[in-house]
Amino acid sequence: MDIVSYSISKEHDKIYQKWFSFADSVLLTVLLRISPFIMIDGDGRLSGTDAIKFFAMSNLPRGDLKQVWAIADSRREGYLGFKEFVIAMKLVSLAQEGNEITQFALADADLEEVHPPVMEGLDTFLSTNKPPIMEIDPEQNVNSQPQTPKVQWFGTKSAKKIPLSSVTSIIDGLKRLYIQKLKPLEVAYQFSEFGSSLLTSSDFDAKPMVMLLGQYSTGKTTFIKHLLKCSYPGAHIGPEPTTDRFVVVMLGSDERTIPGNTIAVQADMPFTGLTTFGNAFLSKFECSQMPHSLLEHITFVDTPGVLSGEKQRTQRSYDFTGVTSWFAAKSDLILLLFDPHKLDISDEFKRVIGSLRGHDDKIRVVLNKADQIDTQQLMRVYGALTWSLGKVLNTPEVMRVYIGSFNDKPVNNIAVGPVGKELFEREQNDLLSDLKDIPKKACDRKINEFVKRARAAKIHAYIISHLRSQMPSMLGKAKAQQRLINNLENEFAKTMRRYFLAELI
């Protein structure tokens, strides 16, 4: 996966640091009919409002500047950090030289040799230490009436620093909505006892996560190694069941492994909810950290191989299905890996796939090591796999199966032939395209998961509220409780009628 480079020389780094600080502390003078209001930002994040006037100094058309912002803010966070700002400036410089503004322009250009763009009037502002003024038409900001609530929202006439949780990014907005609106509801009706645990700031700030599931020796660890172009700390690869624990592969300043008990209590990590599975699981949980450009955008979860037979399931000392369900809720993509020689879906694997229900849009099926068989066998294996998945997933739609051999070895041309090699390359490119889109869709995914959680919490609150209203205040609680339990389906139907009625009103 190609990651955009933002490497720059020391000389250019100084220039961009100065420009970024300047653009981030732009004074916005809103010319209101009553009185002017000055807002100072300087929060270390360049929002769209901050960037409008600064980017306009390049004299590029508005359409080109929109394209620059879209490529630089590839994760759709609503703001640019310093690294993204540098990428934006390099795009502006390429555009001024007559190049088309695309992602491929960045990949093709020698970015270290791209000089800073020409920003008209910027040197004058920097020398006088006076930022540009953005004038906003009062007709677009306030009503015609002198006394308007919109003016009061800005606060007093004195300059104030805007809090990070207010306007900087969509993620910060979701945090504020959760803390102010949703979390009190979840606490009041004990949503965490029935659904997922309460969210923390690290859950919102976490990088997109990709989980790999499959039987042993289907190539899960090799798949991660293939994407990283190197092995991660603590990785073991072999024909026997080698990965005996859940391993989170994420970005770190140096190469090291962190035990599960340690990582689960770190407030800045989104794994505190795993403590509910006990020490038996945490002893089988590990975090592998390493510096890598891909891990700046994606975190991988390597899982133990799913073994066949009831005996193997009972020997696990923790709730394997529960853990995979927990990670599935946090993941942005779930890869189910199969081997041409391991198409059987065991009882445990069936339970694991069943625990993924509700996350169908995240699931991708991969038939790995497909170059180990010839074309005729591949046709039969593909048909057998789709037939098996149809019974387990219980859906009339045919699940898309990606075919390939995700390792560092060349494709076995003797077995698959030239047609098979071309097929593998196309399939691999399709799957890698899905992986590349994960950072871009991460913000949309967080919003989608937040909406799902809000609806689930709201329905939960209606149900608990209804059940509480049916309980007597003093005597006969045990009998009333048993009556409600025996008639729970009808009580649920009553609650849903009240819920939908409230929604209509």
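Analyst: Helices, of at least four residues in H or I, and strands, of at least two in E, are DSSP runs, and the model discussed here is predicted.

User: What share of residues 60-95 is helix?
Analyst: An unreviewed UniProt entry places the feature "domain: EF-hand" at these residues, 60-95. Over this stretch the end C-alpha atoms are 8 Å apart and strand makes up 6% of the chain, while the share in helix is 69%.

User: How many residues apart are F285 and F327?
Analyst: F285 belongs to strand β8 (residues 285-290), whereas F327 belongs to helix α16 (residues 320-330). Both residues are buried, and their pair links distant parts of the chain, with a separation of 42 residues.

User: Is F320 buried or exposed?
Analyst: F320 forms a tilted aromatic pair with Y318, at 6.5 Å centre to centre and 50° between the planes, and Y318 counts as buried at 11% relative accessibility. For F320 the relative accessible area is 3%, and because the cut-off is under 20%, this residue too is buried.

User: Which residue lies over the face of Y402?
Analyst: Ring pairs link a cluster that includes F246, F271 and W326, but the contact at Y402 involves a charge placed over a ring. At 4.3 Å from the ring centre, the residue over the face of Y402 is R400.

Key:
Residues are numbered from 1 along each chain as its sequence is written. This is a predicted model: local features need pLDDT of at least 70, side-chain atom pairs count only at pLDDT 80 or more; totals for chains, interfaces and linings use all residues. Side-chain values use heavy atoms; hydrogens and water are left out. Buried means under 20% relative accessible area, exposed over 50%, partly exposed in between (1.4 Å probe, protein chains only). Rings of Phe, Tyr and Trp (its six-membered ring) pair if their centres lie within 6.5 Å; planes under 30 degrees apart count as stacked, over 60 as edge-to-face and the rest as tilted. A charge sits over a ring if NZ of Lys or CZ of Arg is within 6 Å of the ring centre and within 35 degrees of the ring normal. UniProt positions are given in the numbering used here, feature names are shortened, and annotations may be inferred rather than shown by experiment.
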